[in-house]
Amino acid sequence: MENNQLIERRFDGKIGDDYSLWQSARPHLKKLRQELVKLLINYQNSCPKESLILEIGCGDGELTEMILSEAKNIKIIAIDNEPSMIQKIRSRLSHYLSQDTLVVIQDDVLNFLQSYPLNNFSFIVSGFTFHNMLALYRFQVFQLLYSRLLIGGKLLDADKIAQRGEQHNRDIKWQYDKFFEVLVSAERFDLLKEVMLHYTTDEQPNRIRYEDETISELSEIGFQEVTLYLRQYMDALIIASK
C-alpha cells in the first residue's frame, strides 16, 4: 500500500469543529498532559542549550500551550494535517508565534519527517494522536521519529493505548458512557454519532494500539527504556529514549 493511501484526516467536520465539547468527556487527559509536561521540564532542565521540540498532532494547541507556558529555553515545531485544528492553534497561540518560540505547520507527518534533517530534536511529544494512524503508517512514522531524535533525546507519547481482555472492555464502556452523558445532555446527537463512529474505528485490528505491542514495536525500532509511565483508563503516557 502506498503512503498516500495511508494518510487520513480524521477530524474533518463536526468532530474537529466541536473538538472541545466532546473532549470534555475525557477529563482524565488533563492529568496525562500535566505529567508529560512535568517530565519534559525535568529532562529539559539538564539541557545546556535551547531545546527543539517536535509536537506530532498539535490539534487545538492545548498541550502546546501547557509546554510553552511552563518550560523555558525551548522552541516547538507543531504539526497537524487538519486545517480546522491549524486555525484553532494559530488563533489560540498567536502571541507565541510572534515571539518565534512556536512554528505551526500544516502537513502530513510522514511527508514532513522525510524532508527534515536527521538527529535534530531534543524531544518529540504527542498528545493523543498516534492511535489515529493506521498501524503500518504509524510504524513508518516512529522509524522516522527515531532517526530525527538526538542521541539522548526523549519521546513523550500520551495516547489511547489499550490493555487487553476484560480490562479494555471496562475501560471503553466507561468512556462510551461519558460521551453519552456529555453529548446527550448537550443535545448533540449528531456529534455523538460521529464520536462513536470515530471510537469504533479506533478499535479496528489495523489501527488499535495495544500496550504490549506498542512497547515491543518502539523497542524494535531502537528506542531504549520504553516505559508505560502512567495510565488513566484506556489512555496512557509512554516514555522512551534514544
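This is a short chat about a predicted model of a protein.

Q: What is the secondary structure of the protein?
A: The model has 12 helices and seven strands.

Q: And the radius of gyration, why does it agree with a compact globule?
A: The protein has 17 Å. A compact globule of 242 residues would have a value near 18 Å, so the two agree.

Q: What does the C-alpha trace span?
A: About 50 × 40 × 35 Å along the principal axes.

Q: How much of the protein is buried?
A: Of the 242 residues, 55% count as buried.

Q: What share of the contacts comes from residues 24 or more positions apart?
A: They make up 78% of the contacts with a separation of 6 or more.

Q: Switching to annotation. What does UniProt say about residues 53–149?
A: The unreviewed entry marks them as "domain: Methyltransferase". In the model, that span is 45% helix and 25% strand. Its end C-alpha atoms lie 10 Å apart.

Q: Now His 131. Where does it lie?
A: In the loop between strand E4 (121–127) and helix H9 (135–148).

Q: Is His 131 buried or exposed?
A: Buried, because its relative accessibility is 5%, and the cut-off for buried is under 20%.

Q: Which residues is it in contact with?
A: Leaving aside neighbours within four places in sequence, His 131 touches Arg 10, Arg 138, Asp 159, Lys 160, Asp 202, Arg 207 and Arg 209.

Q: Last one: how far apart are the mean positions of the positive and negative charges?
A: They are 3 Å apart, for 28 positive and 35 negative charges.

Technical notes: Residues are numbered from 1 along each chain as its sequence is written. This is a predicted model: local features need pLDDT of at least 70, side-chain atom pairs count only at pLDDT 80 or more; totals for chains, interfaces and linings use all residues. Side-chain values use heavy atoms; hydrogens and water are left out. Helices (H or I, at least four residues) and strands (E, at least two) are DSSP runs, numbered from the N terminus. The radius of gyration is taken over C-alpha atoms; the globule rule is 2.2 Å times the number of residues to the power 0.38. Buried means under 20% relative accessible area, exposed over 50%, partly exposed in between (1.4 Å probe, protein chains only). Contact means heavy atoms within 4.5 Å. Lys and Arg count as positive and Asp and Glu as negative; His and the chain ends are not counted. The place of a charge is taken as NZ of Lys, CZ of Arg, CG of Asp or CD of Glu. UniProt positions are given in the numbering used here, feature names are shortened, and annotations may be inferred rather than shown by experiment.
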